[in-house]
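Trainee: Hi, could we go through this structure together? I'd like to get my bearings before I start on my notes.

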Amino acid sequence: MKNIWHFFTGTLVLISKGSKGYYCWVAFLLTLMSIGGIAYINQLNEGLIVTSMRDQVSWGFYISNFTFLVGVAAAAVLLVIPAYVYHWKPIKEIAVLGELLAVSAIVMCLLFVTVDIGHPERFWHLIPKIGLLNFPQSLLAWDVVVLNTYLTLNLTIAVYILYNLYYKKEPNKSFTTPLLLLSIPSAISIHTVTAFLYNGLGARPFWNSSILVPRFLASAFCSGPAFMILIFFLVRKYTKFKIDDKAIQKVAELIAYAMFINLLLLGAELFKEYYTGSVHLAPVQYLFQGLHGHSALVPWIWTAMIFNITAFFLFLVPDTRNNNVTLVIACILVFVGVYIEKGMGLVIPGFIPDVLHEIYEYAPTGIELLLSMGIWATGLFVFTMLLRVAIPILNGDFHVADDGVGYYIGDQLFFVSHHDDESSSVGESGVDDKTS
Amino acid sequence: MSDNKKCDNQVRHHSRRKFLKGLTAGIGLIALPGREASASVWEEFFQKHFRELSKEELSKVIVRLEKKYSQQFGKQVKVKSTPPLEGVLFGYGLDLSRCIGCRRCVYACVEENNQSRDPQIHWIRVMQMNKEKGVDLSHAEHYYNPDKVPEKGHFYMPVACQQCEKPACTKVCPVQATWKENDGIVVVDYNWCIGCRYCMAACPYGARHFNWGKPGLPAKDLNTNTHYLGNRPRPKGVVEKCTFCIQRTREMPGRYPACEEICPVGARKFGNLLDPESEIRYLIENKRVFIFKEDLNTQPKFYYFYAT
């Protein structure tokens with residue numbers, strides 16, 4: 001118990017230390033978070049009428065972001081499988097970063113759902129026994145269960161491993177292995193259940209297609225790892241953490257496969273809708289061509305298509321995949337492409353035309369954008385804090401001091417660019433003892 | 001465990017409870033005006049699901065709500081909780097060959113059921129259809145506004161909650177805040193709904209409406225005869241819907257729903273599906289009936305028919 005407390009206080013000291021760049025970044029995020037907070041207070045006072053959601057389009061930008069981020073969270077499994085099932089060393093060293101990304105993404109998911117509901121203070125109605133969770137009838141109830149399970153699993157695994165490394169102990173395999181194995185189906189489950197959430201609604205032909213779950217999974221295995229690779233490059237550039245090129249290339253190769261399946265499934269969906277040409281074609285037409293003069297999403301979805309297809313070839317061709325510049329471009333294209341396709345591109349056409357075929361065009365208001373920006377900043381803040389602790393631990397720059405009570409901080413700066421790497425290690429202030 | 005220790009434990013327990021109580025009261029006092037008001041806010045916050053309330057708890061809730069609404073609107077408001085009648089299953093019939101699209105039902109419903117006037121919430125949507133196209137939603141006009149109805153070459157189709165036997169909306173609610181009563185009416189507990197709007201995504205008829213902002217309901221327009229599961233004033237951030245005028249139809253003697261009563265051409269019919277002598281049963285058995293979106297198998301108890 002005492003050890004946990006020492007570990008905890010040590011991390012607090014650690015996150016308060018850093019280079020100028022680190023402080024600026026954190027201050028920037030905190031500013032965005034405050035702006036988001038103010039936007040949320042405004043929304044709580046006025047109601048969701050400050051959004052441009054209405055009865056016709058009853059879910060909008062918040063739920064689009066939620067859906068996309070579930071995918072990002074699920075993608076951690078792409079690191080866990082090679083690392084812990086195949087014991088592939090280059091990825092094993094970085095798998096914990098994937099778990100921390102999953103934690104941050106789920107935090108964002110939960111925040112996006114919270115800001116979307118009309119009565120967030122009634123959240124306790126969702127707690128089994130205390131409230132009345134409609135399980136197993138409601139897929140939203142399932143989502144509450146699997147998202148929280150996945151969050152708990154990833155947080156437990158990552159914190160447990162880091163905690164043991166901090167105390168220079170070998171993590172107990174008989175504890176971590178079952179949890180890690182469980183986290184694999186759990187990652188699949190959050191995405192499957194989120195897809196089922198839409199999939200099960202007979203009222204919405206755009207979602208009521210059995211191909212939706214595999215499409216969700218395929219696109220998740222593009223966007224999540226793409227984001228992961230970008231993080232790897234940033235971490236490698238701005239911290240002392242080493243990441244093997246082989247690990248990055250393996251992940252990039254997996255994205256190529258996933259993007260192929262994603263495009264194939266999308267093509268299958270489009271073929272079925274256009275060739276059949278039933279009234280159920282309307283939402284697809286709205287998305288890709290515009291319907292009765294309404295075409296707000298058309299430029300977006302075509303941007304996404306071009307990005308995804310370009311990225312697919314960049315990932316596919318070994319030369320561009322192994323070139324760091326083109327790889328970064330491909331990752332950004334995939335991330336943006338899937339963000340559009342799996343976010344607004346998936347949620348909004350479910351409501352346009354609505355069930356009585358009315359067309360209400362939706363575009364997020366300023367409040368929705370600011371609030372969403374605040375949530376993204378919160379997620380990045382959580383991720384930054386987690387990395388601030390995890391990376392020095394993995395580098396051996398943050399561990400228990402020789403007396404077994406205090407802590408040793410070797411990395412005072414955290415954010416450094418490579419050329420002043422030397423000075424940072426020279427400038428380390430050494431042992432920072434603390435006894436209590 | 002020694003007696004001494006037990007005693008000690010009890011004391012600690014007691015003081016902790018006192019502390020928590022103090023804390024809650026403290027927070028309440030800081031955050032809210034007046035001791036009484038804060039008590040009712042906490043009561044409302046911790047209120048159980050409608051169907052889990054005991055008789056005593058329910059009557060307390062009703063008293064609290066009546067007091068709250070009466071204060072809010074400056075007139076005496078009645079909140080009923082009349083249960084379903086035995087041997088009754090409500091059904092609704094709508095004669096498409098008669099409806100003239102005047103929308104009197106839309107506004108009678110708003111007045112009866114205390115919907116928000118600003119922003120406007122309508123539980124009934126009337127669509128203007130082209131006679132040549134038949135019931136074809138993709139050619140329906142929702143916002144028709146001529147000087148005179150009916151317009152030549154058109155017919156009209158009002159849509160409200162279809163009170164399905166297999167409602168898609170109740171199934172998806174994550175907190176069971178909406179359910180089908182024994183008389184077939186699908187209701188919402190406005191004090192339990194978390195406002196996630198999953199039911200709105202699930203409903204194939206656009207019958208569910210959300211209070212996006214604070215409902216604008218002037219005191220002079222308030223209908224003071226209300227039902228807990230029906231037309232009592234709603235807070236912002238919850239979903240609401242047609243309840244077949246539960247505050248009227250569940251009474252003994254009952255009254256027709258407001259939309260049925262106002263219809264100038266007698267296009268609307270309402271009755272007990274379990275009563276073989278009822279008008280609604282006669283219509284179903286003798287007229288050409290069609291069920292809206294029958295393929296979804298939601299099994300509506302709202303029957304469109306052509307009498308002529």
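Predicted model: local features only at pLDDT ≥ 70, side-chain atom pairs only at ≥ 80, totals over all residues.

Trainee: What pLDDT does chain A average?

Mentor: Chain A averages 92, and 95% of its residues score at least 70. pLDDT is the predictor's confidence in each residue, from 0 to 100.

Trainee: And where does pLDDT stay under 50 in chain A?

Mentor: Over residues 419–436, for which the model has 21 contacts beyond four places in sequence. Two residues are in contact if their C-beta atoms, placed from the backbone, lie within 7 Å.

Trainee: What radius of gyration does chain A have?

Mentor: Chain A has 23 Å, which agrees with the value near 22 Å that a compact globule of 436 residues would have. That radius is taken over C-alpha atoms, and the globule rule is 2.2 Å times the number of residues to the power 0.38. The C-alpha trace of chain A spans about 75 × 55 × 40 Å along its principal axes.

Trainee: How many helices and strands are there in chain A?

Mentor: Chain A comes to 17 helices and three strands. These are DSSP runs, numbered from the N terminus: helices are H or I with at least four residues, strands E with at least two.

Trainee: Switching to chain B, in what order do the strands of the open sheet come?

Mentor: The order of the four strands is β10-β2-β12-β11, with mixed pairing. Two strands pair if DSSP finds at least two bridges between them. At the edges are β10 (268–272) and β11 (288–290) of chain B, each pairing on one side only.

Trainee: How do β2 and β10 of chain B run?

Mentor: Antiparallel, with five bridges joining β2 (residues 90–95) to β10 in chain B. Within that pair, B:G93 stands opposite B:K269.

Trainee: Last topic: how many residues does each chain bring to the contact?

Mentor: Chain A brings 36 residues and chain B brings 40 residues. On the side of chain A that touches chain B, helix α7 (residues 139–166) of chain A gives the most, with four residues.

Notes:
Residues numbered from 1 in each chain as written. Chains lettered and ligands numbered in written order.
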